[in-house]
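Me: I have a protein model open and would like to learn how to read it. Can we go through it feature by feature?

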Amino acid sequence: MTRFVWAEKAHVQEIWALVQSTIRAVYPRCYPMEAVEFFCRHHSLERIAEDVESGGVGVLTHNGQLVGTGACRAEHIARVYVLPQAQGRGYGSLLMERMEREIAQTYAAAELDASLPALRFYANRGYAVVRRETIAIESGKMLAYEVMRKRLT
């Protein structure tokens, strides 16, 4: 049985472990290690705890096991991760549907920052690139990512 709930403080450690393991398993295929480490630091235990505390972080379980997480604040979707061994089973779509439904209560569109591994997934859900952003990471290298947007109404 698959179940979505809004995260509570008790979920923080498990969400962090899921995010970290997914980044370390998937991102090295697309990014240099400096970028992988940047993403791991960016999604720190402290940052996840703050986001859970402020609300809008969801968790998806299947048969009692955490398989995915996602967050939304205002019209922005963030930190959508599904365990590598659970990818391709529709869990990411379930998370996105829930985040989009939450956002659509107040906003006409959703926006997100897309990592390279997720770019096609978001495009298939109707998101379009609206701009490219860059951020400086370790060793003076630049990390580029796409900002994507989808009309919800």
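This is a predicted model: local features need pLDDT of at least 70, side-chain atom pairs count only at pLDDT 80 or more; totals for chains, interfaces and linings use all residues.

Me: Let us start with strands. Which strands does strand 3 pair with, and in what sense?

Reply: Strands (E, at least two residues) and helices (H or I, at least four) are DSSP runs, numbered from the N terminus. Two strands pair if DSSP finds at least two bridges between them. Here, strand 2 (residues 57-62) and strand 3 run antiparallel, joined by six bridges. Strand 3 (residues 65-73) also pairs with strand 4 in the antiparallel sense, over five bridges.

Me: Which residues stand opposite each other?

Reply: Look at G58, which stands opposite G70 in strand 3. Then find C72, opposite I77 in strand 4. R73 has H76 in strand 4 as its bridge partner.

Me: How does strand 4 pair with strand 5?

Reply: Strand 4 and strand 5 (residues 109-114) pair in the parallel sense, over two bridges. H76 stands opposite E111 in strand 5.

Me: Are strands 3 and 4 mostly covered or mostly open?

Reply: Buried means under 20% relative accessible area, exposed over 50%, and partly exposed in between (1.4 Å probe, protein chains only). Strand 3 is mostly covered, with seven of its nine residues buried. Strand 4 is mostly covered too, with five of its seven buried.

Me: Now the backbone angles. What is the phi of N63?

Reply: Most residues other than glycine have a negative phi. N63 has a positive phi, near 50 degrees. N63 sits in the loop between strand 2 and strand 3. Those two strands form a hairpin with two residues between them. N63 counts as exposed because its relative accessible area is 59%.

Me: Next, the core. Which residues touch the most other members of the largest nonpolar core?

Reply: A nonpolar core is a set of buried Ala, Val, Leu, Ile, Met, Phe, Trp, Tyr and Cys residues joined through side-chain atoms within 4.5 Å. The largest one has 44 residues, and I15, I77 and Y122 touch the most other members. Helix 1 (residues 12-26) gives the most to this core, with six residues.

Me: What does I77 touch?

Reply: Contact means heavy atoms within 4.5 Å. Leaving out residues up to four places away in sequence, I77 touches residues including C72, M96, M99, I103, L112 and Y127.

Me: Where is I103, and is it buried or exposed?

Reply: I103 is in helix 4 (residues 91-104). I103 is buried, because its relative accessible area is 1%. Among its contacts are A74, H76, A109 and L152, again not counting residues up to four places away in sequence.

Me: Last, the pocket. What is the volume of the largest one?

Reply: On a 1 Å grid over the protein atoms alone, a pocket is an open set of points where a 1.4 Å probe fits, with protein on both sides within 12 Å along at least five of seven lines; lining residues have an atom within 4 Å of a point. The largest pocket has a volume of about 1,100 Å³. Of its 43 lining residues, Y27, R79, V80, Y81 and Y122 are closest to the centre.

Me: Which strand gives the most to that lining?

Reply: Strand 4 (residues 76-82) does, with seven residues.

Key: Residues are numbered from 1 along each chain as its sequence is written. Side-chain values use heavy atoms; hydrogens and water are left out. Grid points are joined across faces, edges and corners, and a volume is the space filled by probe spheres set on the points.
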